[in-house]
4 protein chains.
Amino acid sequence: MLRIAVLGCGRIGRMHAENIARHPRAALAGVYDTYNPAAVEVSEKLGVPRFESAETVFASTAVDAVLIATSTATHVDYIEQAVAAGKPILCEKPIDLSLDRVNVCAARIADTRLPIMLGFVRRFDAGHAAVRRAIADGTLGELHQIVITSRDPGMAPDAYIEVSGGIFRDMTIHDFDMARFMLGEEVTEVTATGARLVDPALMERCNDYDTVTVVLKTASGKQAVIVNSRRAVYGYDQRVEAFGSGGMAISENRRMNNMQLYGADFTAQGAVLQNFFIDRYAEAFAAEIDAFVDAVETGTPVAVGFEDGRLALLLAEAAIRSVAEGRSVRTSELG
Amino acid sequence: MLRIAVLGCGRIGRMHAENIARHPRAALAGVYDTYNPAAVEVSEKLGVPRFESAETVFASTAVDAVLIATSTATHVDYIEQAVAAGKPILCEKPIDLSLDRVNVCAARIADTRLPIMLGFVRRFDAGHAAVRRAIADGTLGELHQIVITSRDPGMAPDAYIEVSGGIFRDMTIHDFDMARFMLGEEVTEVTATGARLVDPALMERCNDYDTVTVVLKTASGKQAVIVNSRRAVYGYDQRVEAFGSGGMAISENRRMNNMQLYGADFTAQGAVLQNFFIDRYAEAFAAEIDAFVDAVETGTPVAVGFEDGRLALLLAEAAIRSVAEGRSVRTSELG
Amino acid sequence: MLRIAVLGCGRIGRMHAENIARHPRAALAGVYDTYNPAAVEVSEKLGVPRFESAETVFASTAVDAVLIATSTATHVDYIEQAVAAGKPILCEKPIDLSLDRVNVCAARIADTRLPIMLGFVRRFDAGHAAVRRAIADGTLGELHQIVITSRDPGMAPDAYIEVSGGIFRDMTIHDFDMARFMLGEEVTEVTATGARLVDPALMERCNDYDTVTVVLKTASGKQAVIVNSRRAVYGYDQRVEAFGSGGMAISENRRMNNMQLYGADFTAQGAVLQNFFIDRYAEAFAAEIDAFVDAVETGTPVAVGFEDGRLALLLAEAAIRSVAEGRSVRTSELG
Amino acid sequence: MLRIAVLGCGRIGRMHAENIARHPRAALAGVYDTYNPAAVEVSEKLGVPRFESAETVFASTAVDAVLIATSTATHVDYIEQAVAAGKPILCEKPIDLSLDRVNVCAARIADTRLPIMLGFVRRFDAGHAAVRRAIADGTLGELHQIVITSRDPGMAPDAYIEVSGGIFRDMTIHDFDMARFMLGEEVTEVTATGARLVDPALMERCNDYDTVTVVLKTASGKQAVIVNSRRAVYGYDQRVEAFGSGGMAISENRRMNNMQLYGADFTAQGAVLQNFFIDRYAEAFAAEIDAFVDAVETGTPVAVGFEDGRLALLLAEAAIRSVAEGRSVRTSELG
């Protein structure tokens, strides 16, 4: 049994804690949160210890590994402390909002051989993963184009948007990782377009965009298109299409149930989409824990590494620069 | 060029006339209707001769074959006359409402080698035909079950229903033929259930049913289920499912267009079904003409013969008896 | 917290135990199995007590309610004991294979006001439940027809089939309950057809059928069709269609993932169906526990009662008689 | 009856001739082709006159309107001659490969009030048109994003590609028009990406691309993405997605038939796509003729005008420049 402690007892941390608790080869070693009542609630429901500080987690001999689900600004410090303590890490995305800070961290932990896994959960979605397999096993022939549609069901609160780091670092970052996952080849050029159509006033104030399109290109000419919106009234729109010389694979949306309705004016109407990311990716979050436990136990490389987290952030930086300067940005410009 | 004359210029006859006119290896030899204005209209639009009587059609040396789309009661006489005149026949379903009369006709034309084809158009639908191919070519393994869903978009006028011969002879007859087409083996037992749910008063008056379920069984144990309703508000519901030891094939409904709509309360809502049988089976009607021309030109057997028309009617008789007597009826009871 | 003990630690009992353990308003009070190692394994993984006998479960003051997931033959005894002990019951289907024995039990427990819920889990499937809601809230208008397609992914072992009580009591019983759930009105007539197409030798030996079609009728003329097979190579086929004067609702199958594949010879090919009933109905099993906890806590009637279990078995008996005697059987003949 | 003559008897001209012949309010006034045998064949099959030259068509008093389906290089001349002759025009796309030449033509015919309609047939597809209606009638709220996927089933012959004017003028031009049709607002900025992945050697030789992505932007910030490939093994991929504040509408692909196949390893596999553009858009081509006849008869504006043809070509020019210079190109740069 791999004994994993969870740092952060917000809704994501709590969900991870439950998944660890029910995992057949893992045990929940305890939980910690700066806001103590949250930690108390989780520790009581799941019957596990509550840690008084992050330091005590890293120091504990009853903890084999850590899952970091605290606020973004703390990730880098906790990663460095966990590395120092020799604990394998599963860290929520993004590593940090600052590419510079991530680069510094990367240098500091460069020598570690500890498993450090990034929580790009969408890679573990059964449908998206099946698309990746269809690419990897040659079913689609040579890959030519990727189209990722990713629209949120609704705007986050203004306060969140204001400190989110902007749509590219906060939301598109998932799609940058998905594009890299699918392309199997590094992106060399980023061209981004941004518009303020959902909440123009807020976007203006934050110098941010709510409706964006990004085109990524690789050295061999493969193209990936990302289509984002901060608000889709029909729900959490999550699709991935891969097109190649041998065919096409599409990972489709998921609905609340499988009923189709026929009426006087329409046919085969489906239910609304699974709307909340924790529901939509519920099985993916469980599969992510499973992959982490596997990697630590078997000593095989983690499915998504620190460098994957860094490169997704680098693409976000390139997109920001592309919109600001109205031109295609080569990733080599950002180092 | 096969020169085909059309008897009957109602909406079905007219549609057949247009399909013949545009067929690359057929020519429309002329049209006839007891109601002269209908024949005049078609002959003028399509620029073809109008015949003064059915007799002149059969006698004409400019006519190689005939398509009979007149009222049901005239079919048997016209078939016999066309056989006497040596003209190949494509006749609309049903042959007649009386099984006895059909049996007499069958005896009279028993010696002919002329192509006599019955217009069970659904066999020529691309989707239904693909299901049949999946059975015939072994894709589905050994066939076990057929489910035919066939619901009309709305009640025909009372006057029509009253002389229709009842739902089994008028509507289910298509499904009896479809079941035979799919089963590839004769039906030995018929069990039918009827209810009056759409228009109870009319059904009571006509001693008819508007909502029926029929189970057919073959000697080897294969089962076919037919589900009928006289009125589906969502349109003309036409589906066929074949299930076997190797898989399943379903011929799905067809919609007015391929748009899917997503709104705040629903996803992927489709357009209404193609509602009118002439639209729904437009390509099938054209393919039917093509199959007739082929059979006549090449001397190969017609796809749907007189005996197919007779056996579909026999199953209708068995279903009527099954409902009336509340028991399964063996087809051998009807000869 | 409702403290529920689980009797029976086979795969179903174990799954129920896990669902109870993670339910926010329930606690797993302990487990019991005649085969002790099974109980030991579950009690250790979930950290709950293991009971030495069923009697100690019923006697325990630390147990508020029981879930019976033992072998079918024990259900009736355990139900009677639990009633005597005043413990609310959630019992797996079927109550028993003998309608007589169930009738005797019904008489014995007639006076209890304890919640006794039957585990017809399919009622809790989100898709099937949405169909039921579309009927209940009037979306479909007046209900006319139900079509239930229910095919197992493969034959159970011979040894299981031999003691299963036959396809109608073992497998179709779920569909009988589903039909009753959808119809909202009692079935008055049953007409069943059986064939031996999947494994004729085994079926012959057991005097059983592997391919069946059942037509149910209510007093008002509503029709329900059940289409069953013991083996569908494409997986666990679970569909429900409801048709009424106002429209149609279909609960569709569920696949392993949402990828659609396009190749040179095909389009939009979906993944295989969720194949194992515990996976297919995973969320339904959790919802079933939730409904039970709700009913016990709030004192509201259980969603599926003992009488529902008895009536489903009665329809199975009617179907068996219908096949044996080749006629429609009225449910009133069976009391 | 509107008497329409067809110039050009290739496969497109012939198809138009047949559609005119069967149109209830139009008549085929005759056909012309520089390659006389093609004209002879069509005139004989359809029983209409054959013209000896384009000049005789324009001069004929038996011709009310002309349909121009000759080679692209002749379009501008024929348009100018038809205008001089006072004949309404339906002209196949593109007007010409040279924007300069089109601008000169535009100036020359600036004063005419004759109906001049461009054959952007996809606007008349029932699915695409339904998407447009969902935008126009407010169903989708304020429009934000359009995604057009348009992939050919296979490379045209090298000889064709070499003189096609390049992918943007030859193939994407349909999508530029579709984007304009959907956006309801002019495009102000074009960013295009091109790759050589299908046939790199040919593309290198022609300085062309076979795999392109274009992002269009309007003044109000609306975005349209076009995804093109010259070869999709699964067929002629033709989809349009419109996303707005009120919902989403997708016009889906069309298949050869409506069968879905289930096997041991897959579910609901569809038939191949309708592969040939004349089949895929068969009904749209007929609807296009209908719209032209309507416009001429009623004096209402044509659905797609000369200026639409010019603006689509202008977007193609902008895309070519964008790829060449690696930057976004404002349409105002091209006049």
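Reply: First, a definition: buried means under 20% relative accessible area, exposed means over 50%, and partly exposed is in between (1.4 Å probe, protein chains only). This is a predicted model, in which local features need pLDDT of at least 70 and side-chain atom pairs count only at pLDDT 80 or more, while totals for chains, interfaces and linings use all residues. Residues are numbered from 1 along each chain as its sequence is written, chains are lettered from A and ligands numbered from 1 in the order in which they are written, and side-chain values use heavy atoms, with hydrogens and water left out.

Me: Is B:Asp237 buried or exposed?
Reply: B:Asp237 forms a salt bridge with B:Arg239 (a side-chain nitrogen of Lys or Arg within 4 Å of a carboxyl oxygen of Asp or Glu). Their closest N and O atoms are 2.8 Å apart. B:Asp237 has a relative accessible area of 0%, so B:Asp237 is buried.

Me: What relates chain D to chain A?
Reply: A rotation of 180° with 0.0 Å of shift along its axis superposes chain D on chain A, with RMSD 0.0 Å.

Me: In chain D, which residue has the C-alpha nearest the axis?
Reply: The axis in question belongs to the rotation of 180° that superposes chain D on chain A. In chain D, the C-alpha nearest that axis lies 2.7 Å from it, and the residue is D:Arg327.

Me: What radius of gyration does chain A have?
Reply: The radius is taken over C-alpha atoms, and the globule rule is 2.2 Å times the number of residues to the power 0.38. With 335 residues, a compact globule would come near 20 Å. Chain A agrees, because its radius of gyration is 20 Å.

Me: How many helices and strands does chain A have?
Reply: Helices (H or I, at least four residues) and strands (E, at least two) are DSSP runs, numbered from the N terminus. Over residues 2–113, chain A is 45% helix and 19% strand. The secondary structure of chain A comes to 13 helices and 14 strands.

Me: Which residues is D:Asn19 in contact with, leaving aside neighbours within four places in sequence?
Reply: D:Asn19 lies in helix α1 (residues 11–22) of chain D. At 11% relative accessibility, D:Asn19 counts as buried. Contact means heavy atoms within 4.5 Å. Beyond those neighbours, D:Asn19 is in contact with D:Phe285, D:Ala286 and D:Ile289.

Me: Where does D:Arg254 lie, and where is D:Glu283?
Reply: D:Glu283 forms a salt bridge with D:Arg254, the closest N and O atoms being 3.0 Å apart. The pair links distant parts of the chain, 29 residues apart. D:Glu283 is in helix α12 (residues 282–298), and D:Arg254 is in the loop between β11 (247–251) and β12 (259–263).

Me: Which helix holds both D:Arg310 and D:Glu307?
Reply: D:Arg310 forms a salt bridge with D:Glu307, with closest N and O atoms 3.0 Å apart. D:Arg310 counts as buried at 13% relative accessibility, whereas D:Glu307 counts as partly exposed at 38%. The two are three residues apart, about one turn, and both lie in helix α13 (residues 306–325) of chain D.

Me: How many salt bridges are there over all chains?
Reply: One network of salt bridges links A:Arg123, A:Asp177, A:Arg180, A:Glu186 and A:Asp308. A search of the whole structure finds 128.

Key. Copies are superposed by least squares on the C-alpha atoms of residues with pLDDT of at least 70 in both.
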